[in-house]
Amino acid sequence: VGANIARQWYDQGVDMIIDVPTSSVGLAVNQVAREKNKVYINTGSATSDLTGAQCSPTGVHWMYDTYMLAKSTGGAMVKAGGDSWFFITADYAFGHALERDTTGFIKAAGGRVLGSVKYPFPATTDFSSFLLQAQASRAKVVGLANAGADTINSIKQAAEFGLMRRGVKLAALLMFLPDVHAIGLQTAQGVVLTESFCWDLNDRTRAITQRLQPRLKDVKPNMASIANYSATLHYLKAVADMGVAASKVSGTEVVNRMKAMPCDDDAFGPGRIREDGRKLCPSYLFEVKKPEESHAPWDYYKLLQTTPAEEAFRPLNEGGCPLVRS
């Protein structure tokens, strides 16, 4: 369905498609964009295959991917003592890629994966049996290779079972600030996660948050929404640099111009787009604060570790992208 919608939009004159949540749809839209020689900027799909074997001359991958999330959360937690893991994984492309990439970092750091269970996506709301399997494994860390409502339900049900009270750490391998807000600090406290943006991270992120606040009312921007702003801004800079008429001729040439131009905005700071289409930015490992540690609305994160932009993502020569010169 997603591929058909993308094909229809491109045929109707759309020049660029952005966001595209879920990796299965993202991979399909990526192929359509390549066929049509139109720009596709992915922010919503996490699979690192979009800059690996499935990389495209018309595609750019912004914000995060499974490799970045796995490296920041998986590798760091093993080094901090969380050396045994059990995965609860959404049974589709995103979940598989996230478990695969995280397992690699766990093992590289000397940790072990004691087991995993894959659940039907998106047809699952009750995670109790999977959490009981995780508990029975005696793993120190339960890795949630899912997102959105599934992550929220998993954490709420883990709290009901008392997993965190027994010393088990929850690693939410893809989680956003609004998810923490929906769960509440009382339940989410101690959860470890990785994001590439936080509204209160530095002077520039606070500045853009302040500019956006009148439109956002009582909420704060999050990694997903701000990535669409950042990526669109850079795309429009490339279009302006080329000229609108020239930009409509070839999506490949637009993406080449985006790669040639340095990126810089208040959301992610300075960065660049590699030849495989990967936009580089730092990644930040956060722990959700205890209620008494939060000093203001939306003050939810403690920064544990920063991975620099050039180190956060898979090395260029390891992805298998055919665009990369050996």
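Q: Why is Thr307 called buried?
A: Buried means a relative accessible area under 20%, exposed means over 50%, and partly exposed is in between (1.4 Å probe, protein chains only). Thr307 has a relative accessible area of 8%, so Thr307 is buried. Thr307 sits in strand β12, residues 301-307; helices (H or I, at least four residues) and strands (E, at least two) are DSSP runs, numbered from the N terminus.

Q: What does Thr307 touch, leaving aside its neighbours within four places in sequence?
A: With those neighbours set aside, Thr307 is in contact with Pro282, Ser283 and Ala312. Contact here means heavy atoms within 4.5 Å.

Q: Where do these values come from?
A: This is a predicted model, in which local features need pLDDT of at least 70 and side-chain atom pairs count only at pLDDT 80 or more, while totals for chains, interfaces and linings use all residues. Residues are numbered from 1 along each chain as its sequence is written, and side-chain values use heavy atoms, with hydrogens and water left out.

Q: Is Leu69 buried or exposed, and how do you know?
A: The relative accessibility of Leu69 is 0%, so Leu69 counts as buried. Leu69 belongs to helix α3, residues 66-79. Leaving aside neighbours within four places in sequence, its contacts are Tyr64, Gly74, Leu98, Leu173, Leu174 and Thr194. Thr194 is 125 residues away along the chain, yet the C-alpha atoms of Leu69 and Thr194 are separated by 6.0 Å.

Q: What makes Arg100 and Asp49 a salt bridge?
A: The term asks for a side-chain nitrogen of Lys or Arg within 4 Å of a carboxyl oxygen of Asp or Glu. For Arg100 and Asp49 the closest N and O atoms are 3.5 Å apart, and the pair forms a salt bridge. Arg100 lies in helix α4 (residues 93-108) and Asp49 in the loop between β2 (39-42) and β3 (59-61), so the pair ties together parts that are 51 residues apart in sequence.

Q: Why are Arg100 and Asp49 called partly exposed?
A: Arg100 has a relative accessible area of 43%, so it is partly exposed. Asp49 has 26% relative accessibility and therefore gets that label too.

Q: Which other salt bridges can we look at, and how many does the structure hold?
A: The structure holds 22 salt bridges. One of them joins Asp276 to Arg274, with the closest N and O atoms 2.9 Å apart, and both Asp276 and Arg274 are buried. Another joins Lys302 to Glu293, where the closest N and O atoms are 3.5 Å apart. Lys302 has 28% relative accessibility, so it counts as partly exposed, and Glu293 at 25% therefore counts as partly exposed as well. Lys302 and Glu293 are also linked with Lys169 and Glu287 in a network of salt bridges.

Q: Why are α10 and α12 called roughly perpendicular?
A: Helix α10 (residues 223-242) and helix α12 (residues 251-260) pack at an angle of about 105°, with their axes 9 Å apart. Axes are lines fitted to C-alpha atoms, for helices over the stretch in contact, and angles run from 0 to 180 degrees between N-to-C directions. Angles under 35 degrees count as roughly parallel, over 145 as roughly antiparallel, 65 to 115 as roughly perpendicular and the rest as oblique. The two helices, α10 and α12, are therefore roughly perpendicular to each other. On the α10 side the contact is made by His234, Tyr235, Ala238, Asp241 and Met242, and on the α12 side by Glu253, Val254, Arg257 and Met258.

Q: What makes Thr22 and Met63 worth a look at their phi values?
A: Thr22 has a positive phi of about 75° although it is not a glycine. Thr22 is in the loop between β1 (16-19) and α2 (23-36), and its relative accessible area of 27% makes it partly exposed. Met63, also a residue other than glycine, has a positive phi near 80°. Met63 is in the loop between β3 and α3, and with a relative accessible area of 0% it is buried.
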